[in-house]
Amino acid sequence: VRDFQRMGGGGESAVDLVDISALPAVAKAPTQTVQNSQGDAFLRNSADWRCILWIAKYFVLSTLAWSLGDCITSLPLYLLTLLVLSYYSFAGATIVHNTMHCRCFKNKTLEHIWHHLLSLTYGHPVSTFVPGHNLSHHRYTQTRMDPMRTTKMRYKWNLLNGLLFQPTVAADVFKMDMRYLSLKSTQAGDFYAKSCREWTVVGVSQIALLILDWRKFFLYVWIPHFFAQWAIVSMNMLQHDGCDVNVDLDSSVEVKNWNGARNFIGPVINYLTFNNGYHTIHHMYPSMHWSRLDDEHGKQVKQHVHPDLDQQCMARYIYKAFIFPGLRLDYLGNSVVMTDSTEPEDEDWTVHYADDGVKLEDYDVDLSLVGILKALPMLPLKLMCASYSPVNKVD
């Protein structure tokens, strides 16, 4: 599999490539098709109007907090403001996740605008979900080609495994993101240019807010964004740690691995996160619209999955797994045991999407300080002309 058409997905842009239902993942039932047609004149699915409302509320509440920030003098009121903004930023991250699997708008221009708005809700370009999540985690779940695998966490105190998961995997995910972006800069398609535009919008807006008022930026922008990024990545620890690792690379006949993910099926958490708690069915059908996951989980997953992998309350599970008794257990109740004494290095997967004859060293990125300084002068040229020679080739 070398490009998105061959995988059964869409085109090369982030708008099209989100449809990756044919990817081999934790499980897949290929005899059933994914149909998400319940839309209107603008949206492919009318349920996404709630997503639009949530994003609108994020910007309204953030603007109010910024404008009235000087009036927030009491600690309880400040903490309440921070809690609300952090939730809506995190909700934006869950909407990003859903959007990058199943596009929202029928019109591509509106979809591009939507991606920019989503990038601003949690402070990160949404296109990075494609290499960091769609093409690595979904296809190579919990293996060396999944930079977000939970086996990287080796602390005896499980609370540290939960708290430090996102900081631990962030550098590896970023490295793969940049490597894939470098590869796309040498190929046809608009993914690279689109990603650069998102990076520019996010970077310029955050620098402008930082200059306007660094205190308000830190309190009402940076902290909620950091929480959103930390929380959306940390959900991977909740949903995959202690589950079956076997990746079903040949799902042409039947689903073989029903116990590869943990589901949180409570109505509250799924209302707040747009059904991000239903993880097994999501891995089975990555492009299935989020509004269908509840029903399809009941129809296809519930009778097969181990009962301990259907958790009613995420908060209760977090308390039990990370606080008291705080034991790192698999879904069978056994201690999680690492097969390797030390965690092996990540294995590259981006070369699977390279053109014939192209090797990893032809487009690999140098993320050392020297490499970054060498690449900076070329950034304006790359933004103006995506076909300009790759930044990693600059000497």
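This is a predicted model: local features need pLDDT of at least 70, side-chain atom pairs count only at pLDDT 80 or more; totals for chains, interfaces and linings use all residues.
Reader: Fine. Which residues of α2 meet α3?

Author: From α2 they are S89, G92, A93, I95, V96 and T99. Their partners in α3 are E111, W114, H115, L118, T121 and Y122.

Reader: And by class, what is in that contact of α2 with α3?

Author: Six nonpolar residues, five polar and one charged.

Reader: At roughly what angle do the axes of those two cross?

Author: Roughly 145 degrees, with the axes of α2 (residues 75–99) and α3 (residues 108–122) coming within 8 Å.

Reader: Left-handed or right-handed?

Author: The crossing of α2 and α3 is left-handed.

Reader: Switching to α8. How many residues, and what reach?

Author: Helix α8 covers residues 214–240, which is 27 residues. From first C-alpha to last, α8 reaches 38 Å, close to the expected 39 Å.

Reader: Where is the kink in α8?

Author: At W222, shortly before the proline P224, and the kink is about 35 degrees.

Reader: What sits at the start of α8, and what follows the helix?

Author: At the start, a side-chain oxygen of D213 comes to within 3.1 Å of the backbone nitrogen of R215. After α8 comes G242, with a positive phi near 80 degrees.

Reader: What about α6, where does that one bend?

Author: At A171, by about 30 degrees. The end C-alpha atoms of α6 (residues 165–184) are 28 Å apart, which agrees with the 28 Å its 20 residues should span at 1.5 Å a residue.

Reader: Loops now. Which residues does the cis peptide bond join?

Author: F324 and P325, with omega about 5 degrees. P325 is in the loop between α12 (314–323) and α13 (360–363).

Reader: And what is phi of F274 near?

Author: Near 55 degrees, positive in a residue other than glycine. F274 lies in the loop between α9 (267–272) and α10 (279–284).

Reader: Why flag those two?

Author: Because most residues other than glycine have a negative phi, and most peptide bonds are trans.

How values were computed:
Residues are numbered from 1 along each chain as its sequence is written. Side-chain values use heavy atoms; hydrogens and water are left out. Axes are lines fitted to C-alpha atoms, for helices over the stretch in contact, and angles run from 0 to 180 degrees between N-to-C directions. Helices (H or I, at least four residues) and strands (E, at least two) are DSSP runs, numbered from the N terminus. A crossing is left-handed if the near helix is turned anticlockwise from the far one by less than a right angle, and right-handed if clockwise. Contact means heavy atoms within 4.5 Å. Ala, Val, Leu, Ile, Met, Phe, Trp, Tyr, Cys and Pro count as nonpolar, Asp, Glu, Lys and Arg as charged, and the others, Gly among them, as polar. The expected span of a helix is 1.5 Å times one less than its number of residues. The bend at a residue is the angle between axes fitted to the seven residues ending there and the seven starting there. A polar contact is a pair of N or O atoms within 3.5 Å; within protein, one must be able to donate a hydrogen and the other to accept it, and residues adjacent in sequence count only if both atoms are side-chain atoms.
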